[in-house]
Amino acid sequence: MNPSKPFVTAAIAFSLGLCPALSSAQSAPVVDMSAAAPTVAITGGKLLTITHGVIENGTIVLSGGKIAAVGTADSVKIPDGAQIVDAKGMTVYPGLIDSETNLGLSEIEADDASNDLVETSDEIFPNMHVYDAFHAETEHIPITRLNGITNAIVAPASDDSLPGQDIFIQLAGRDRDQMILGKDVALPMNFSGEQRRRGNGGVKFPSTRMGLASQLRQTFIDAQAYAAAKAEYQTKLAKWQKGDKKEPAPTEPKIDLKSEALLPYLRGEKPVVLAAYEGYEIEVDMQIAQEFHLKVILNHVTHSQEILDKIAAYKVPVIVGPIYDFPAANERYDSVFTLPAELSKRGVKIAFSSAGGSSGNPGGFERNLPYAAGYAVAYGLPYDEALKAITLNPAEMWGVADKLGSLDAGKLANVVIANGDPLDVRTDVKQVYIEGHAIPMVSRQTRLRDEYSK
């Protein structure tokens, strides 16, 4: 052990301005959403409503944290006392939703102390909860929301087959409790070469895909047996309570946290996010899911072009990401870039994700979410479908379409004002509203820019 190594790591990080984890004073400021949101009228902008077309000269009224009205300038009455925001020449659209990130789980990739991404002591860990590790004061969040992303799924890293359960967050709040809108909303189930490892400190893990598949099946079989034992206990208990109680009460089964965590997924109450890249991996993963009647969202499917018709036949939504990937040796140069278009052409509902990752660059991946959609448009995805894939589609996938994903009266006032097309890398976001609160357009990167541009 080298006792000086942690100091050296910290010193280098500090000298590069990369170490917000060194003191709480350097954490990103949070935005308290407790106070009542003001009434705001955004006027004169081009409204991308998602659900009812484009309104060229529109007005949208935000009140009490929700969208109160939206329509053409002459059809919307502006309430007395409302703050007027002139959006002439601007584009107004709903806050974007990223369907897979590591926000709040990783600060500096090279500093292990600031990473809480995955527990590798066990291949199967469905009872892990991302909300136990989520760090609300991360510098990644202000950077990400400055590009119009207002909501995201936070998922553990994909080193394990069942690494734990996701959360759904809003990218503003006084603390983690206010930012987490949904706990344990989905269970990642990873099936690729990434999960194959021979051992860790003497503990053996599957080193083949056959081993991974067998282990997953056994896990779900065990959970089914656990559910049956619980049901049998409840039946016996009810019978005992109605009887003369001469016999001792039945013994309740010992709680098994792993099996307990899987019960909502076995009942189809929550989605299992099946992550695989190759076509044959997807086929095995889906076979397991069908055996246990799981509610499925497919994830990645990056090199699955040979089975796209089969994917469409599954009739499940697909998360695409990252789109910036090299083609396999036997694929066309544009196979990954055209994947969203090919899926959409087959009637598959898609959503984009930044697919997590920090690479020592807070927000460096998550903030690029709209550009992934724009890239897909350049390779054949219809523009409207691309926009839906970062707004309404993910809202529907995660069960929040009644609150998010479009500019409709009654939904949360998560609204973005930008000086151009949201999918264009040249566009600057001028203001983000989350639940009607104007978010300070400040991040670590803007502070550094302002400091050193002098």
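Buried area is the accessible area (1.4 Å probe) that two parts lose on being put together, summed over both. Keep that in hand for the first stop.

This is a predicted model, in which local features need pLDDT of at least 70 and side-chain atom pairs count only at pLDDT 80 or more, while totals for chains, interfaces and linings use all residues. Residues are numbered from 1 along each chain as its sequence is written, and side-chain values use heavy atoms, with hydrogens and water left out.

**Stop 1: the two domains**

Select 5-95 + 405-451 and colour it as domain 1. Then select 183-217 + 254-397, which is domain 2. These bounds come from an automatic or database domain assignment. The contact (heavy atoms within 4.5 Å) takes 15 residues from domain 1 and 17 residues from domain 2.

**Stop 2: the interface**

The two domains bury about 1,100 Å² between them, and carbon and sulfur atoms give 67% of that area.

How many salt bridges cross the interface of domain 1 and domain 2? The rule, a side-chain nitrogen of Lys or Arg within 4 Å of a carboxyl oxygen of Asp or Glu, finds zero there. Three residue pairs are in polar contact across the interface, both residues at pLDDT 80 or more. A polar contact is a pair of N or O atoms within 3.5 Å; within protein, one must be able to donate a hydrogen and the other to accept it, and residues adjacent in sequence count only if both atoms are side-chain atoms.

**Stop 3: salt bridges**

The structure holds 21 salt bridges. Select Lys230 and Glu260, whose side chains meet at 3.0 Å, N to O. Lys230 sits in helix H4 (residues 209-242) and Glu260 in helix H5 (residues 257-266), 30 residues apart. Helices here are DSSP runs (H or I, at least four residues), numbered from the N terminus. Lys230 is partly exposed at 29% relative accessible area. Partly exposed lies between buried (under 20%) and exposed (over 50%), with a 1.4 Å probe and protein chains only.

Next, pick Glu283 and Lys310, a salt bridge at 2.9 Å, N to O. Glu283 is in helix H6 (residues 279-291) and Lys310 in helix H7 (residues 308-314), 27 residues apart. Glu283 is partly exposed at 27%, and so is Lys310 at 38%.

Move to Asp402 and Lys403, which pair at 3.4 Å, N to O. Asp402 is exposed at 52%, whereas Lys403 is partly exposed at 41%.

Technical notes
Helix = DSSP H or I, 4+ residues; strand = E, 2+ residues; numbered from the N terminus.
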